[in-house]
Amino acid sequence: QVHVEESGGGWVQAGGSLRLSCTASRNIVGPTTMGWFRQAPGKERELVADINNFGFTTYSDAAKGRFAILRDKNTVSLQMNSLRFDDTAVYYCNYRGEHAVGSFFDFWGQGTQVTVSS
């Protein structure tokens, strides 16, 4: 089992910035992806950004140009700039991949609240 823990959420005014960080309790060697999802009240959880162990990144349309994801082994961060009211959500860190041939894992953090005031 791997423990995933987020930090860095909080309250910010629209136009401001926040940086989220996430650390997995151990680094799993193999094809892995770490990323950030978010869930706003009444909405489904959605991908914000992720990055694999080769450094390949994926961003949602909402995150492109405003957010930046970085990873160092089992640590991932999300720099969020130009925050908007609709970025308000609980942000979850995800660590997933394949630790052995045909054997997959998918771990989630507890989530951190990001609130953007208009």
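In the predicted model, the side chain of Asn-52 comes to 2.9 Å from the backbone nitrogen of Phe-56. Asn-52 belongs to strand S5, which spans residues 46–52. Leaving aside residues up to four places away in sequence, the contacts of Asn-52 are Thr-32, Thr-33 and Arg-71.

Side chains of opposite charge can pair when their charged atoms come close. The model contains 6 salt bridges. One of them joins the side chains of Glu-46 and Arg-38, with an N to O distance of 2.8 Å. Glu-46 is partly exposed, its relative accessible area being 38%. Arg-38 has a relative accessibility of 7% and is classed as buried, because the cut-off for that class is under 20%.

A salt bridge is also formed by the side chains of Arg-66 and Asp-87, at 2.7 Å from N to O. Arg-66 is located in the loop between strand S6 (57–59) and strand S7 (67–72), and Asp-87 in the loop between strand S8 (75–80) and strand S9 (89–100), so this pair ties together parts that lie 21 residues apart in sequence. Both Arg-66 and Asp-87 are buried.

In a further salt bridge, between Asp-86 and Arg-84, the closest N and O atoms are 3.2 Å apart. Asp-86 is partly exposed at 47% relative accessible area, and Arg-84 is likewise partly exposed, at 36%.

Notes:
Residues are numbered from 1 along each chain as its sequence is written. This is a predicted model: local features need pLDDT of at least 70, side-chain atom pairs count only at pLDDT 80 or more; totals for chains, interfaces and linings use all residues. Side-chain values use heavy atoms; hydrogens and water are left out. Helices (H or I, at least four residues) and strands (E, at least two) are DSSP runs, numbered from the N terminus. A polar contact is a pair of N or O atoms within 3.5 Å; within protein, one must be able to donate a hydrogen and the other to accept it, and residues adjacent in sequence count only if both atoms are side-chain atoms. Contact means heavy atoms within 4.5 Å. A salt bridge is a side-chain nitrogen of Lys or Arg within 4 Å of a carboxyl oxygen of Asp or Glu. Buried means under 20% relative accessible area, exposed over 50%, partly exposed in between (1.4 Å probe, protein chains only).
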